[in-house]
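Please look over the model below before reading my comments. They are set out as numbered points.

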Amino acid sequence: MVAAHTSSHSSESAEWIVCLDKRPAERSGEDVDIILARLKNVKAFERFHPGLLQQICLWGFYECLEKGITLYRQGDIGTSWYAVLSGSLDVRVSETSNYQDAVTICTLGTGTAFGESILDNTPRHATIVTREFSELLRIEQREFRSLWEKYHQCMAGLLAPPYGVMESGCSTDRMPDKENISNNAFVSVSKHQNKVPSEKILRAGKIIRNAILSRAPHMIRDRKYHLKTYRQCCVGTELVDWQMQQSSYIHSRIQAVGMWQVLLEEGVLNHVDQELNFQDKYLFYRFLDDEQEDAPLPSEEECKESQEELQDTLLLLSQIGPDAHMRMILRKHPSERTTDDLEIIYEELLHIKALSHLSTTVKRELAGVLIFESHAKAGTVLFNQGEEGTSWYIILKGSVNVVIYGKVDLMCFMMMYP
């Protein structure tokens, strides 16, 4: 896996590599100090908590790879987490699980981190291949999990799926949209920023924004991250914390995430990098009103209105949040779904009468393979008579026409959430 490189290192730079080549148990305090001095000069680690950085120096290993080396393949069960110290690596994804069909979706440069699937033993989402000679810092699974448990809040921002960006250098470090891969992608959904919000949800967003500005104005502010400034934005974890403090009927963080997802789907709240799912992590979100320069602050009357309408607004979002949360889960690639995600899908399948004859085992299997499609435009053709079938469908909401040789039969089966 590790390829020798012919270029020589200076004695100073080679010294820290020698320290990293030692087993962690054999590293002395001086070894850790030498590694620490080197990593402090890497921009990717500038913002790390000193205690976390010192632990990384203790547990990390050095790898240097020649161009064209496959670090791991899509579908592998991971054993390590990586940070790129120099060089770059291509991220390749195949829809058929055939390596020859893989498409490069982005390149990870210096300062990026990847490999977080080791936290829950999910298969690797992509194949990683070195684009050029690259130097990596590697931490094995057991030690990474230990660091995660101890420094969860510090590290949460590094793990935005599918790859955690430690330094702004790769603006496309995410799965591409359906149209950018092929006609058979996992998700059929338009970008939220192109959607016109409904009046009801637009009003809900204004009420919540005004309530935050009147009760906790520090939550909406300019934030600097990896030398880049993000204007007037909030943090996902802080939004969930705030919402749970406002009402006694918001019982869990999962429930709150669903409520924020409603605003995100309507475009009233947006991720700064236009991600489609709201996450309870150190990620930046911005209200629609704050997208414009010098967004106005709420007037005294608007603040009063937000106080009066806040509870009704939260009640509304709590009622439609489960739908949004379900769509969010179904948009995930099946391999990315957590145990909680699968349980939520399974519980919804229990309410579908058409599936009542299926065993519990089959329903749980379905929960792991169902994917979400949304067709907003009437008249969209899902498939034509005579074509070979590739999918089986459940209608969550809406209706479809079945046309057979000019005869029309209306299929009106719908699953409505309680």
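This is a predicted model: local features need pLDDT of at least 70, side-chain atom pairs count only at pLDDT 80 or more; totals for chains, interfaces and linings use all residues.

1. Residues are numbered from 1 along each chain as its sequence is written, and side-chain values use heavy atoms, with hydrogens and water left out.

2. In helix α8 (residues 236-246), Gly236, Leu239, Val240, Trp242, Gln243 and Gln246 are buried (under 20% relative accessible area, with a 1.4 Å probe and protein chains only). Helices here are DSSP runs of H or I with at least four residues, and strands are runs of E with at least two.

3. Leu202, Gly205, Lys206, Arg209, Val268, Phe287, Leu288 and Asp289 line the second largest cavity, where lining residues have an atom within 4 Å of a point on a 1 Å grid at which a 1.4 Å probe fits but cannot get out. Helix α7 gives the most to this lining, with four residues.

4. Among the 10 aromatic pairs (ring centres within 6.5 Å, using the six-membered ring of Trp), Trp260 and Phe287 have centres 6.3 Å apart and planes at 65°, so the pair is edge-to-face (over 60 degrees). Trp260 lies in helix α9 and Phe287 in strand β13, so the pair ties together parts that are 27 residues apart in sequence. Trp260, at 0% relative accessibility, counts as buried, and Phe287 counts as buried at 1%.

How values were computed. Buried means under 20% relative accessible area, exposed over 50%, partly exposed in between (1.4 Å probe, protein chains only). On a 1 Å grid over the protein atoms alone, a cavity is a set of points where a 1.4 Å probe fits but cannot get out, and a pocket is an open set with protein on both sides within 12 Å along at least five of seven lines; lining residues have an atom within 4 Å of a point. Rings of Phe, Tyr and Trp (its six-membered ring) pair if their centres lie within 6.5 Å; planes under 30 degrees apart count as stacked, over 60 as edge-to-face and the rest as tilted.
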